[in-house]
Amino acid sequence: MVAERTGFANNLLAVSLFFPVPPAAPGAWMTTKSAHIDTTVEIVTPENIAFHYQVAGPFRRLPAFMLDLLIRAGLYTFFMIVFGLAGAFTSMAGIMWGATMIIWFLLDWFYGGIFETWMNGQTPGKWVLGIRVLSIDGQPINGIQAIMRNIMRTLDMMPVFTCILGLVAMSLNRRFQRIGDIVCGTIVVVEERKWLTGVAKMDDLRVAQLSNYIPADYQVSRTLAKTLAAYVDRRRFFSIPRRREVARHLAEPLLVQFGFPLDTSYDLLLCALYYRTFVADRSNDERIATEFGASPFTPAALADATTQAAQNPFDIAPTQTGS
Amino acid sequence: MQLDSTRIAIRERNLLDTFDLALHVLREYFKPLLITFFVAVIPLLVLNDLLIGWMLDVEYRETFFYLEEQGSIWRFWWDMTCLVFIEAPLASIFMTSFLGQAVFVAEPSYREVFRDVGKMWKRVVWCQLLVRAVLPACLVFLLVERYDGFNVPVELLLLGSIATYAAFVRAIRPFINEIVLLERNPLTSRNPSAITIGKRSKDLHGPSGGDLFARWLATAMFGMLLTVCVGGTFLFCSGVFLNDWQPGPTMLRYMYPLAMWVVAGYLAVVRFLSYLDLRIRHEGWEVELRLRAEAARQAAKLI
């Protein structure tokens, strides 16, 4: 563990040579945000409020750019036809040709800037794909930022429209800022609406019943509570054998610790612990326990042949055939 | 090893997010990824050049004056594209092993990476060289008469068929490197309940076949686009620094394979992250890691 910590510290130091990161508090190094390689960044507003945004990288932005390109091409074609027809039926063909060129110039250089100013950091393509341009302090961008970052795109597309310059620039910073973004102090974030799920509903009466048998003096730590919440949140997507495989890792030591029969359902035990931690209403539970006669110590259908937890984190447990 | 404190954030992602995250991973581990990738790529570069490099030799093009230069260039382009495409997963074995360790360990050692791959060499040979047709693709060129014209049945039909087969296998079973090198399942077993590579591959890939195929198509499209961009940049640099603006034989012989390998390296990182994503979506791997970490903490408390 010491070696790991030293290695990590060295790594952090190496990273900070190019991209300064705030030093982690002693003892908190493992859980600092900067320890993770992720596409989320923390933005602290001038009001000192921290937001976590998922930044949009080049590939997340590409569909929006392609959509905008399509809209631009459509608009240009429309104006070309209108001016072409006007030129054909009047004696102002030259003027119409000039107007078409002006439209092309405006669309090419100001389409993004105008829309991002007007639509608060979004173009139609960005709006469809759910991404938005913000200032690096989390504030909405202003007109100059919007127009400048779009004009600077020409530089990002160098050399010769291969976009490698922009791609390299985006790869070199945590916020996926292309050169235009760096110059204008902007970032592109993903507008994700996350649903906050409440406490999971436990339909199985044995859960409440079993939770009563958990020793009253057993303290659920914060990390255990989080882990239980994560398990209960995801378990409905697992098959019954998979629930057993996943729950076994934690349930086995807990069964020993609580002195429960070793064939108690692993899934049921974790649900009961979750219930005890987040839901429990002791008096109500006791009522359920007396009304519901069946034993909560439901044995798992099949004994697990390989109870040894694998050391390789990529390992999978052998597939179970029963619950 | 703290299983729930991973260096690469473990959560569900879509393909575009995975592509973006791969850039972060590349930046963070640029040097080790470069080393682990090119350790495998350099022998393959040399091998490919030995197999088909002669197609761009001046003597060949001058001796067989009836062959237009464009013809030999297209021939080389086709053969090299097929070879690199087929060999790309094999070239990423060390990189995959490194990334597997990098998820959990801050600074994985090269020694462990090479030792882990060394332990699995039989499985790698079977899965990559034979099943994924790297060896047959190389052997095809033994059937080609050197310094002779384009051999349509062998180079177009046979090599094309092998490349199509490899593409099909990789589209529906993309994560074989991860299964072999990280999960370390046995190739065969007499125990019917043991999870062999084949069984594991079926379990992992089977339920998400359609999704994996769609992802493969999108990845292939991005791969082609990136190859054009990287190749175009090399051509631009050659024009600026060497005043050679033509994508001629020299450019094609050295720069084009290099451009493809660079993209293959990037796509190997994307593939590894997609593997993590599949395990999260399909198996709830992130929950399993948290439970295992919590179990370890509980055990430590009891001690």
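Reader: Where is the place of A:Pro159?
Author: This is a predicted model, in which local features need pLDDT of at least 70 and side-chain atom pairs count only at pLDDT 80 or more, while totals for chains, interfaces and linings use all residues. Residues are numbered from 1 along each chain as its sequence is written, with chains lettered from A and ligands numbered from 1 in the order in which they are written. Helices (DSSP runs of H or I, at least four residues) and strands (E, at least two) are numbered from the N terminus. The place of A:Pro159 is in the loop between α6 (153-156) and α7 of chain A.

Reader: What value is omega near in the peptide bond from A:Met158 to A:Pro159?
Author: We are still in the loop between α6 and α7 of chain A, where A:Pro159 is placed. The peptide bond from A:Met158 to A:Pro159 is cis, with omega near -10°.

Reader: How does A:Val168 count, with 14 C-beta neighbours inside 10 Å?
Author: A:Val168 belongs to helix α7 of chain A. A residue is buried if 20 or more other C-beta atoms, placed from the backbone, lie within 10 Å of its own, exposed if 12 or fewer, and partly exposed in between. Its 14 neighbours are why A:Val168 counts as partly exposed.

Reader: How far apart in space are A:Val168 and A:Arg178, C-alpha to C-alpha?
Author: Let's stay with A:Val168, in helix α7 of chain A. Along the sequence, A:Val168 and A:Arg178 are ten residues apart; in space, C-alpha to C-alpha, the separation is 8.2 Å.

Reader: Which strands stand at the edges of the open sheet in chain A?
Author: The sheet has four strands in the order β1-β2-β4-β3 (chain A), with antiparallel pairing; strands pair if DSSP finds at least two bridges between them. Each edge strand has a single partner, so one side of each is left without a neighbour in the sheet, and those strands are β1 and β3 (131-135) of chain A.

Reader: Which residue in the turn between β1(A) and β2(A) has a positive phi?
Author: Strands β1 (residues 40-44) and β2 (residues 50-55) of chain A pair in the antiparallel sense over five bridges, and A:Val41 has its bridge partner in A:Tyr53 of β2(A). The two form a hairpin with five residues between them, and the turn residue with a positive phi of about 65° is A:Asn48.

Reader: What is the bridge partner of A:Leu134 in β4(A)?
Author: Strand β4 (residues 186-190) of chain A pairs with β2(A) in the antiparallel sense over two bridges, and there A:Gln54 has A:Val190 as its bridge partner. β3(A) and β4(A) also run antiparallel, joined by five bridges. For A:Leu134, the bridge partner in β4(A) is A:Ile187.

Reader: Which helix gives the largest share of the side of chain A that touches chain B?
Author: Residues are in contact if their C-beta atoms, placed from the backbone, lie within 7 Å. The contact between the chains takes 48 residues from chain A and 46 residues from chain B. Among the elements giving two or more residues on chain A's side are α1 (2-18), α2 (58-89) and α11 (240-258). The largest share, eight residues, comes from α11(A).

Reader: How are α10(B) and α11(B) oriented to each other?
Author: Helices α10 (residues 176-183) and α11 (residues 197-205) of chain B pack at an angle of about 125°, with their axes 10 Å apart. Axes are lines fitted to C-alpha atoms, for helices over the stretch in contact, and angles run from 0 to 180 degrees between N-to-C directions. Angles under 35 degrees count as roughly parallel, over 145 as roughly antiparallel, 65 to 115 as roughly perpendicular and the rest as oblique. The helices α10(B) and α11(B) are therefore oblique.

Reader: How far apart are the axes of α12(B) and α13(B)?
Author: Turning to another helix pair, α12 spans residues 209-242 and α13 residues 249-283 of chain B. The two pack at an angle of about 145°, with their axes separated by 9 Å.

Reader: Is B:Asn243 buried or exposed?
Author: B:Asn243 is placed in the loop between α12 and α13 of chain B. Although not a glycine, B:Asn243 has a positive phi of about 55°. Because there are 7 C-beta neighbours inside 10 Å, B:Asn243 counts as exposed.

Reader: And B:Ala133, is that residue buried or exposed?
Author: B:Ala133 lies in the loop between α7 (121-131) and α8 (134-139) of chain B. Its phi is near 65°, a positive value in a residue other than glycine. With 20 C-beta neighbours inside 10 Å, B:Ala133 counts as buried.

Conventions. Two residues are in contact if their C-beta atoms, placed from the backbone, lie within 7 Å.
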